[in-house]
Amino acid sequence: MRARRLTGSLSCLVVLTLTAAGCGLSGGSDDSGATAGGCSVDKGNVGSGKLTGDVKGTITFQTTNLKKDFGDFFNGVIADFQKAHPGTKVKWIDDPGDNTFTSRTVADAQACTMADVINVNAPTATALTKAGYLLDIGTKDPDSSKPFVPSFWKTATFADASGKSIHTTLPWYTGGVLLTYNKDLLEKAGIDPAKAPTSIFGLFADYEKVAKAADGKYFATMANPIWRIPADFDQMGIKVLSSDGKSAVFGDDPRTTQWVEWMAKLYKEGAMPKDSLSSSNDPSTLYSQGKVAYGSTNPSFVRFVKQNSPSVYAKTAVGQQPYDALGVASAGAPQYISVAATSKHAATALSFAEFLTNAENQTAWCKDPAVVIFPTTTESLNDPFFQNVTGTDPFSQARKLVADQLKTASTNQTNLSPAVQNAIVSQVQLAMQGKKSAADAVKDAQEKSNELLKQGS
């Protein structure tokens, strides 16, 4: 499972070098008459050609559940940007980041009130790009790709309404993916904590062992398949969508049905809490109570356990996620920064977005000793902080493991719209409840996905 958000506290504020991000960029012209997603916008915000005008005016910047723990850091970034660009003002708002984030953000976009600069995940970026609400950053600033690791820049593309892939996001940070587990609970199930499984089905077999040993007293993992789709499929090398992204093909691979059969079997045998099948909760609370053997795959989760349950942290270890058919680790689902195509000060927003995600700012934030996140710029990843990790405690080991992985990790992740993902998830849930066979669930999931894809959902 992937933790949706990190939390942490900044121990110190690193003084940043003032780099005028978006150098040469400027605010849009005063020409009107264009639209983005049904909203009236400046002509300079859409179509071909670089953004022109002055960097000035007030913009809004929206993050997700970061203000409490990183207020000092982001207020510092904002102050630095405003100092470098007199006449600008950045208003920071912080969304709680619940499971309605995408639908609420799309609603804001439809009302033409979305924040100028916004932190989005892949599902939200997919929905907003298809509807035309995000600035085509790659077109509006052709140099915007330069700071980023090529593989991460590649993940920043999403399909527009015509199916064309465009760069509507800037890659911000990634968490990596690993196994976090309670060594004591694994040993009770006869599992060697030092020998991580090499395949998803091998991991499922370990889940089954935990279920048999636990006899209902604790669990292996959480049930909701939304945490695993399409991440498990990508790791297994199951092709989810056709090459043009216009049709679903995951049902053509027999391993998809086997995967659903495993999920149904594990749920029936008690490897997962029954009430977690449709819950959006991650394993944080139950793991910290010693009631779940495997925690989140987000390395920052280790910090959460260390802060909230020292006794369980003492039993916690980290290991390599199953490489399976992919052959390398997944880089995890990066977080992105986007600019609204509806912004009245689009180039000011783009300038701030590039300043926020530049190497200096990424490195400074990721060096916070209380978090385990990783940057997406080449300069940042080459910093000794990420290349020379020391320490033997779980927290340090998580950072070292992911730092090593990112040198070869895959960033080729499938991006599904929320509607298509939910269609697949709901069919898997029916199979897990025993209401239909795994084969029928996969068949129906593919058919429903294709219906939605034809509708442009």
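1. Two strands are said to pair if DSSP finds at least two bridges between them, and helices (H or I, at least four residues) and strands (E, at least two) are DSSP runs, numbered from the N terminus. In these terms, strand S3 (residues 57-64) and strand S5 (residues 117-120) run parallel and are joined by two bridges, and Gln62 has Ile118 as its bridge partner in S5.

2. On the basis of the note: this is a predicted model, in which local features need pLDDT of at least 70 and side-chain atom pairs count only at pLDDT 80 or more, while totals for chains, interfaces and linings use all residues. Residues are numbered from 1 along each chain as its sequence is written, and side-chain values use heavy atoms, with hydrogens and water left out.

3. The sheet that holds S3 and S5 is open and has six strands in the order S4-S3-S5-S11-S8-S12, with mixed pairing. Its edge strands, each of which pairs on one side only, are S4 (88-95) and S12 (374-375).

4. Helix H14 (residues 359-366) is mostly covered, with seven of its eight residues buried, where buried means under 20% relative accessible area, exposed over 50% and partly exposed in between (1.4 Å probe, protein chains only). Among the buried residues of H14 are Asn361, Trp365 and Cys366. What covers them, by contact (heavy atoms within 4.5 Å), includes helix H1 (67-84), strand S8 (170-174) and helix H13 (346-356). At the start of H14, a side-chain oxygen of Asn358 comes to within 3.3 Å of the backbone nitrogen of Glu360.

5. A search of the whole structure finds 28 aromatic pairs; rings of Phe, Tyr and Trp (its six-membered ring) pair if their centres lie within 6.5 Å, and planes under 30 degrees apart count as stacked, over 60 as edge-to-face and the rest as tilted. Phe148 and Trp153 are stacked because their ring centres are 5.8 Å apart and their planes lie at 10°. Tyr287 and Phe301, by contrast, form an edge-to-face pair, at 5.3 Å centre to centre with 70° between the planes. This pair links distant parts of the chain, with Tyr287 in helix H10 (residues 284-288) and Phe301 in helix H11 (residues 301-308), 14 residues apart. Tyr287 counts as buried at 0% relative accessibility, and Phe301 is buried at 3%.

6. One aromatic cluster includes Phe61, Trp92, Trp172 and Trp365. Lys67 lies over the face of Trp92, at 4.8 Å from the ring centre; a charge sits over a ring if NZ of Lys or CZ of Arg is within 6 Å of the ring centre and within 35 degrees of the ring normal.

Conventions: A polar contact is a pair of N or O atoms within 3.5 Å; within protein, one must be able to donate a hydrogen and the other to accept it, and residues adjacent in sequence count only if both atoms are side-chain atoms.
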